[in-house]
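Here's a quick briefing to read alongside the sequence and the 3D view. Have a look at the picture first, then work through the points below.

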Amino acid sequence: MSITLEQARVLDAVAKSQSLADAAKSLKKGHTSVVYALKTMEDALGVELLDRTGYRSRLTVAGEEVLILCQRLLETEGRIGTLAHSLRHGWEAKLTVVYDGLLPANNFVLSAAAVQQKAPEMRVSLFSEYLSGVEERFLDEKADLMVSLLPPSRSYGIATKLPKLKSLLVASRSHKLAQARKVLGQDDLEQETFLTVRGSDQRLSLSTISLDQASTFHLSDFVAKKSAILAGVGFGWMPEYLVEKEIKKGLLKVVKWQGQSVHEFSPVLYSRSVEAIGRAVKLFTDTLLMGGRVWDDQIKLTRF
């Protein structure tokens, strides 16, 4: 048993027009051809698709169910055609990007949206990981692009430096560290709970890397970390763009200690290969470097 695209088109046209004659006209076919297509389809399926007892050409209950699947078939045909058109014009079949979760997600989402606006049938995937997990996911997914804060374990195609991202060592205004009137020493920080997202890495060169905290909390992401810091659970590093409102309101304070309380990360965009750079990779990269403005100037973005 097999159903052809032509039979699916005929059933769809009959359902929409409720007339064999009108269906034939819309398909630019003869009336006999439409009748034959329906009859051969019914014979192949072994069920009646058309209720022939009334004035209008209506589908049977079985016909309605078959119609749903035929419409999906026709939709898939259209998507294949659109994809083929995109491929012929230099667009990739898919685009996969992995980025460090410390970076503003808006920029990546809007860059991906810019690609899908130009190539609707392209499958675009975004993955957020942290530190060394970025490169691991990049390799596992066989991704096209990654944005990492750490130098990769091996060389890749093209490396593009992105604007630096500032991070601040903060605590809740009610926390002991925030209320201190003196410049704190390492011993003072070691007595408090240090909050971190999946640990740290010496390659980040954070001023707190040598601290031997009596208690360290590991959290899954920066949303949870921010909530914990605001609740006074402990202190830790936060991207400035995530806490600038709370700092202005006085809810969070930058910890003043003998080490550095401000750190600048240097994210780098890596592509898998220098060869065969497609239009999607180029558009995504260009949009990302512009902070998403290619997609929509009306949306307020958090810049790197």
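This is a predicted model: local features need pLDDT of at least 70, side-chain atom pairs count only at pLDDT 80 or more; totals for chains, interfaces and linings use all residues.

A residue is called buried under 20% relative accessible area, exposed over 50%, and partly exposed in between (1.4 Å probe, protein chains only). Residues are numbered from 1 along each chain as its sequence is written, and side-chain values use heavy atoms, with hydrogens and water left out.

**Helix α1**
- Helices are DSSP runs of H or I with at least four residues, numbered from the N terminus.
- α1 covers residues 5-17, and its 13 residues reach 18 Å from first C-alpha to last.
- Buried residues in α1 include V10, L11 and V14.

**Salt bridges**
- A salt bridge is a side-chain nitrogen of Lys or Arg within 4 Å of a carboxyl oxygen of Asp or Glu, and the structure holds 10 of them.
- E6 pairs up with K29, with the closest N and O atoms 3.0 Å apart.
- That pair links distant parts of the chain, 23 residues apart: E6 sits in α1, and K29 in the loop between α2 (20-27) and α3 (31-45).
- E6 and K29 also belong to a salt-bridge network with R9 and E77.
- R137 bridges to E129 at 2.6 Å, N to O, and to E141 at 3.0 Å.
- E129 is buried at 15% relative accessible area, while R137 is partly exposed at 23%.

Terms used. Helices (H or I, at least four residues) and strands (E, at least two) are DSSP runs, numbered from the N terminus. The expected span of a helix is 1.5 Å times one less than its number of residues.
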